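Me: I have a structure open and want to learn how to read its features. Can you take me through it step by step?

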Amino acid sequence: MNASIIANVTAKRASSVHDVNSVDPPFGSRYLVDSSLTFTQNAWDHVPPPVDQEATIAASLARQRAAVVSEEEKLKINSKPAKYWDNFYKNNEANFFKNRKWLHNEFPDLVAAAEPTAGSLKIAEFGCGAGNSIFPVLSANKNPLLELYAYDYSSHAVKLVQHNPLYTSPPCGSIHAAVWDLASDHVLPPGLVPGSVDIVILVFVLSALHPDEWASAIRNVQEVLKPGTGKVLFRDYGRYDLTQLRFKSGRMMGDNFYKRGDGTRVYFFELDELSLLFTGKRLSKEEKDLANSGADTTQMVEDEEDPGTGSTSEISSTPSDVSTTIEEIDGSSPAATDSRNATAIPLPIQQLGIFFTSDISPARIDSLSPYRSDLDIHPKLLDPLSDGTGDTNKSDGQHWHPLFSIINLGIDRRLIVNRKRQLKMYRVWMQGVFQKN
């Protein structure tokens with residue numbers, strides 16, 4: 001794993017497209033090289049882990065834990081999760097999430113698969129929703145032999161996909177959509193056989209599952225992918241993202257696991273949790289330091305809205321100030337806080353290191369950062385029986401496989417500030433590419 005991650009970082013060093021010392025950097029490449037300048041802008045891109053947010057995080061979590069979701073309501077929500085997403089898509093149709101045009105910038109494998117001479121390939125998206133990921137892939141496709149598959153456990157979401165003009169008349173290649181639950185027990189999606197898929201897209205999907213369903217989901221992904229070459233393209237919510245901290249009381253279903261106002265669920269991941277899920281072991285300290293600094297992800301340019309409030313001003317990087325505190329915002333619906341309409345700008349690791357060396361040492365970050373504790377790893381990922389196999393010959397955090405190798409894993413972290421009120425808030429996303437062994 002070390003070699004692949006280090007090699008990726010080396011590639012990033014050669015991909016700088018902008019001078020961070022420029023007076024007016026382009027949107028999406030504003031790097032905080034001097035912490036004294038924090039409140040001179042509304043947003044900073046790809047910042048390291050915050051070391052001054054412990055009180056804010058602790059206060060938010062204490063408030064949430066003081067009034068958690070009742071066991072009765074948990075049972076109701078977890079027994080029929082698809083129902084809540086059906087209601088969501090019935091209410092919002094295909095208008096809520098914008099198309100994720102940034103996918104091709106973040107995941108070059110999608111670009112290569114769409115080339116006219118790429119040959120016969122299969123791409124499957126699990127948790128496709130209304131098609132906001134799969135349709136940008138289809139729209140850019142020039143490969144007549146590319147087969148796209150889209151699945152969701154919300155039947156209404158699948159209907160929205162099937163009624164889209166791009167679905168009924170694809171410009172190139174083919175597309176198929178069907179209802180299927182990613183957490184199904186030993187039931188593969190219709191139209192796919194084991195070892196047949198080249199790429200699986202998992203974008204803001206795993207977080208919607210109950211932790212009890214993670215093992216089944218990962219096994220299903222592994223089973224459909226081609227051995228040795230099949231890849232997972234992953235992006236999801238990260239630990240202590242603004243979305244997590246703004247949840248009010250009565251929303252926490254478990255540590256880092258919440259219900260929104262409409263009954264849909266969301267989990268906020270930590271780096272080691274993803275490594276355990278996909279590879280069966282934790283990251284090394286070196287790997288975690290690199291990933292935590294953002295060295296393994298390209299920089300995103302976000303253009304987002306927050307459906308929890310119906311306003312873009314609270315988390316947007318537009319010139320308007322961030323106008324509310326974390327406590328004043330309620331996560332009342334599935335936050336469209338994924339990256340949309342984005343342009344990727346490769347971020348050289350030299351620039352990432354400036355903040356560390358000028359403001360605080362990595363050793364100090366180790367001692368202060370809330371991202372470092374093993375207590376933040378969900379017990380399901382440390383339980384040797386969590387896969388249902390009964391194999392207890394596992395220790396020191398070894399999970400129930402190595403099903404995948406890490407090609408790329410990192411954190412995309414953005415600092416949002418309210419200059420008038422001197423507030424700091426963080427958007428945090430996890431991003432990775434995993435390859436089937």
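Me: Which residue in S6 does valine 203 stand opposite?
Reply: Start with the general idea. Strands of a sheet pair through backbone hydrogen bonds, either parallel or antiparallel. Now the case in this predicted model. Valine 203 stands opposite arginine 235 in S6. The strands involved are S5 (residues 199–203) and S6 (residues 231–237), which pair in the parallel sense over 5 bridges.

Me: In what order do the strands of that sheet run?
Reply: The order is S1-S10-S11-S6-S5-S2-S3-S4. This is an open sheet of 8 strands with mixed pairing. S1 (43–44) and S4 (174–179) are the edge strands, and each pairs on one side only. H12 packs on the sheet and touches S5, S6, S10 (404–418) and S11. The direction of H12 makes about 160 degrees with that of S10.

Me: How many bridges join S2 and S3?
Reply: S2 (residues 121–126) and S3 pair over 6 bridges, in the parallel sense.

Me: Why is S3 largely enclosed by the rest of the structure?
Reply: Count its buried residues, taking under 20% relative accessible area as the cut-off. In S3 (residues 146–152), 6 of the 7 residues are buried, so the strand is largely enclosed by the rest of the structure.

Me: How do I read a single residue? Is leucine 274 buried or exposed?
Reply: Check its element, its accessible area and its contacts. Leucine 274 lies in H12 (residues 271–279). It is buried, with a relative accessible area of 0%. Beyond neighbours within four places in sequence, leucine 274 is in contact with Phe234, Phe269, Leu409 and Met430. Methionine 430 is 156 residues away along the chain, yet the two C-alpha atoms are separated by 8.8 Å.

Me: And tryptophan 429: buried or exposed?
Reply: Buried, again with a relative accessible area of 0%. Tryptophan 429 is found in S11. Its C-alpha atom is 9.6 Å from that of phenylalanine 204, at a separation of 225 residues in sequence.

Me: What is the nearest side chain of opposite charge to lysine 436?
Reply: Glutamate 223, at 8.2 Å. The salt-bridge cut-off is 4 Å. Lysine 436 is buried yet has no salt bridge. This lysine is in S11 (residues 423–436). Among its contacts beyond four places in sequence are Gln222, Glu223, Leu225, Leu403 and Phe404.

Me: What is the order of the open sheet with 3 strands?
Reply: S7-S8-S9, with antiparallel pairing. S7 (252–254) and S9 (265–267) stand at the edges with a single partner strand each, so one side of each has no neighbour in the sheet. The twist averages 30 degrees from one strand to the next. S7 and S8 (residues 257–259) are joined by 2 bridges. Methionine 252 has tyrosine 258 in S8 as its bridge partner.

Me: Last step, confidence. What is the mean pLDDT of the protein chain?
Reply: The mean is 76, and 68% of the residues reach 70 or more. Residues 1–27 have pLDDT below 50; beyond near neighbours in sequence, that stretch has 49 contacts in the model. Residues 384–399 also stay under 50, with 28 contacts beyond four places in sequence.

Conventions:
Residues numbered from 1 in each chain as written. Predicted model: local features only at pLDDT ≥ 70, side-chain atom pairs only at ≥ 80, totals over all residues. Heavy atoms only, no water. pLDDT = per-residue confidence, 0-100. Contact = heavy atoms within 4.5 Å. Pairing = 2+ DSSP bridges. Helix = DSSP H or I, 4+ residues; strand = E, 2+ residues; numbered from the N terminus. Axes fitted to C-alpha atoms, helices over the stretch in contact; angles between N-to-C directions. Buried < 20%, exposed > 50% of the residue type's maximum accessible area, 1.4 Å probe, protein only. Lys, Arg positive; Asp, Glu negative; His and termini not counted.
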